[in-house]
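Here is a short briefing for a first look. Please keep the sequence and the 3D view side by side.

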Amino acid sequence: MISTALAAATAAAATASAAGTAGNQAAASIADGSLLVALPIAALAGLISFLSPCVLPLLPGYMGYVTGLTGMELNQHKRGRVFAGIGLFVLGFSVVFVLIGVVFTRAYIWMLNEGQWVTQALGVVVALLGVVFMGGFGFMQRERRISKRPPAGLWGAPLLGMTFALGWAPCMGPTLAAALALTTGPNANVPRGALITFVYCLGLGIPFLLVALGLSKVTRAVSFFRKHQLAVMRTGGVILILLGIVMASGLWNTWIAELQNWFANEVRLPL
């Protein structure tokens, strides 16, 4: 009896310790200040993906597929079903992207022992992918998606979101790579990586949900960006190239270190 009680107490202590470690990592991710820069950039990367030619022109097709409704039925304002279908679609690709972020962060932590060159190398990759986003490197402009499609309708919506996330598109891959690069740094940890990729998903997914609601202002904004796809590609590409240069040059780590120092000395959080 005593040995059983001791074993149970030891297991409970180990569980509490693991939970405390995870909680400390999450708190450290918030308190180090670097997220003040990383999260807005990740959200912007997601939004740029949504506005890109790989996603925005396909909105009607996605909405029809995930709801199982025809164009005429969509126009009859069945907003509840449309919102549910798009929400499940967003949930599907968010699960995949966050898992990718977790795995990538874990791999980065493993490689971190080799030095800070990893972040700089990723900066070079992000800059090159910025050129891809603008239409450069013709061999990278081919889309590679899973050909098998799930059933149309609400049941297939999350599966379609997953296949959407697992494919390659020249407007999606570069922005996701930028979000993943933001998970790196001297204080990288899995909760931080998951949070950054989740915010990327919010930047990509919230516009989908707003369109599903049929808000007139959102509809006008979508029409505007459809007419200016080239400007979106150029602007997004320039942002990715600049981010890549900053990371590759080492300025990113310097700025983050200065921000963390300021945050540690000037800001107090109730954590």
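Predicted model: local features only at pLDDT ≥ 70, side-chain atom pairs only at ≥ 80, totals over all residues.

Residues are numbered from 1 along each chain as its sequence is written, and side-chain values use heavy atoms, leaving out hydrogens and water.

**Core**
- The largest nonpolar core has 57 residues. Such a core is a set of buried Ala, Val, Leu, Ile, Met, Phe, Trp, Tyr and Cys residues joined through side-chain atoms within 4.5 Å; buried means under 20% relative accessible area, with a 1.4 Å probe and protein chains only.
- Phe-50, Phe-93, Phe-97 and Phe-208 have the most contacts inside this core.
- Beyond residues up to four places away in sequence, Phe-208 touches Phe-50, Val-55, Leu-59, Tyr-62, Ile-86, Phe-89, Val-90 and Phe-93 (heavy atoms within 4.5 Å).

- Helices are DSSP runs (H or I, at least four residues), numbered from the N terminus.
- Helix H3 spans residues 59–67, and its buried residues include Leu-59 and Tyr-62.
- Gly-68 follows H3 and has a positive phi, near 75 degrees.
- Gln-229 is in helix H11, residues 229–248. Gln-229 counts as buried because its relative accessibility is 12%.

**Surface patch**
- Phe-83, Leu-195, Phe-198, Leu-202, Ile-206, Leu-210, Leu-213 and Leu-215 form a nonpolar patch on the surface. Patch residues have over 30% relative accessible area and no salt bridge, and nonpolar side chains (Val, Leu, Ile, Met, Phe, Trp, Tyr) are joined within 5 Å; a salt bridge is a side-chain nitrogen of Lys or Arg within 4 Å of a carboxyl oxygen of Asp or Glu.
- Helix H9 (residues 190–213) gives the most to the patch, with 6 residues.

Notes:
Buried < 20%, exposed > 50% of the residue type's maximum accessible area, 1.4 Å probe, protein only. Helix = DSSP H or I, 4+ residues; strand = E, 2+ residues; numbered from the N terminus. Patch = residues over 30% accessible without salt bridge, like charges linked within 9 Å, V, L, I, M, F, W, Y side chains within 5 Å. Areas by Shrake-Rupley, 256 points an atom, 1.4 Å probe, with all protein chains shown as cover.
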